[in-house]
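This report describes selected features of a predicted model. The sequence and structure are shown first.

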Amino acid sequence: MALLVAAAGAALGEEPSAPATARVTYLTGASAYVDAGREEGVREGDTLEVVREGRVVATLRITAVSAHRASGAVENATTTLVVGDLVRYTPRRASTTDAAAPPTAEPGSTEMRSPPGRKRGPGFRGRVGMRYAAVRDRSGNGNGFSQPALDVRLDGYALGGGPLDLVVDARARRTYRTSPEGAAETEGRTRLYRYALTYRLRGERHRITVGRQFAPALAGLSIFDGVLYSADGERWGGGVFAGLQPDPSDLGFSADIQEYGGYVVVHGRPQAPRRWSLTTGIVGSYTRGTVNREFLYVQAHYHGPRLSGFMSEEVDYNREWKASEAGEPTFSATGGFVSLQLRAGENVTLFGGYDGRRNVRLYRDRVNPAIEFDDSYRQGAWGGVSLRFAERFQVAAEGRTSHGGAMGNADAYSMSFRAGGFTRVLLEVQARSTRYTNSGSEGWLHALGAGVNLGSRSRLELSGGSIEETSLVDPSMGRSQKWFGLDLDLGLGRGWYLSLSAERNEGSSEKNDQV
């Protein structure tokens, strides 16, 4: 990335600076906002890296920049991004042209901004969020749904001036449902996603973390309750852990499954133009002394001036009942994933990959029919090409073949178009058409979206689309669906943020309004 930024900067009379960091402040579908903008050295077209636990988990291609904020498309993501994720980039010094440019609107932010590149000071930072969601069924069945919720995220660094850090991520919600018969159902649930205390040994390089935690370096685990010791050297790192798996239904504390394991990671120099890392580890989980799962995993990441990619694989070691009763082979590959991107020219990018993972946890605050469609075609292989022209326009073509999952054996072919950064309101337009065929049906998916900035700290996005599907088994069982959506994001001062969204679905199988 450093070479790409330097090359682009040379054309604009800019020079790269020392590496800096920012944070993800808001997420909308396939886009992300960060709390760094033109004055922090971010430019349209830059590629920023999203980093967790020292590993790159996604890249952001910046499409809109204001004075202290920027937004871009999420690419090469190996996991679901969350607000607060660390973003790494190489800032560029402002050129004479940029200094004279008129100020543009700033997207809303959910967190206060810290100067990039500066180590965070001691104390607490975080957010409190109040949410409300409701679905009104217009099909005449009488179904109803509403859900108020509260979430709290708190990060404490160097508490009391010492080596202790604290992180809390808690979410509570209450769900109200009504059935066609008029019966009412109420359900309350509180989930702790993270609640952990970290003690730093010898500065930042050695850490002991106790509590509920999320460790991306430990593949296949996601969240666990326990103890993790981790170490980071100049070119290597590693860790060992012991813990318990929370109850999968409500994330409550459970002692049914015990987990143990460790990992080792080696990586290149953080500021090198070609960044790479290789992680391998062993994890075992056991239910009351009986083998639940034992596996070896490997993860690799590379990001260079032209080629970037990520791969992971999990290999299960099957013994005891898995071999004798379930008939599993001694070794089986269970979690292959590969994603590659090649800049074949200044404006031409080739991309492709393969996803053979059996189970993936997807955390989403909101979905529409297009997102549900893509999730159902996740497993399989894909490839395509993206072309940029006239700086603000991009077209892409993609082919995907799927197996397993919700759609079974299926093929899908997509064309997409994106244009952005027009005028001071940063108008952005995107469109997509997908032709798909599976074992039981065939059809078309069309989606269209547009967004503009309203004032200095607000943005309006409109979206819509349709699915027209024909059954290959029974022509009378076809599907027709249309949807229209609106999102309004408002930044209210430095510490307050408001997001409003509404969507209407009209179809042969469902008719509802979501707010």
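The sections below cover the basis of the model, strand pairing and salt bridges.

## Basis

The model is predicted; local features need pLDDT of at least 70, side-chain atom pairs count only at pLDDT 80 or more, and totals for chains, interfaces and linings use all residues. Residues are numbered from 1 along each chain as its sequence is written, and side-chain values use heavy atoms, with hydrogens and water left out.

## Strand pairing

Strands are DSSP runs of E with at least two residues, and helices are runs of H or I with at least four, numbered from the N terminus. Two strands pair if DSSP finds at least two bridges between them.

Strand 8 (residues 144–157) pairs with strand 9 (residues 164–178) in the antiparallel sense over 11 bridges. Ser146 has Tyr176 of strand 9 as its bridge partner. The hairpin of these strands has 6 residues between them, and Ala158 takes a positive phi near 50° there. Strand 9 also pairs with strand 10 in the antiparallel sense, over 15 bridges; Asp169 has Arg194 in strand 10 as its bridge partner.

## Salt bridges

A salt bridge requires a side-chain nitrogen of Lys or Arg within 4 Å of a carboxyl oxygen of Asp or Glu. The count comes to 30 salt bridges.

In one of them, the closest N and O atoms of Glu428 and Arg418 are 2.9 Å apart. Glu428 lies in strand 24 (residues 427–438) and Arg418 in strand 23 (residues 410–422), so the pair ties together parts 10 residues apart in sequence. Shared partners join Arg136, Arg138, Arg504, Glu506 and Asp513 into one network of salt bridges.
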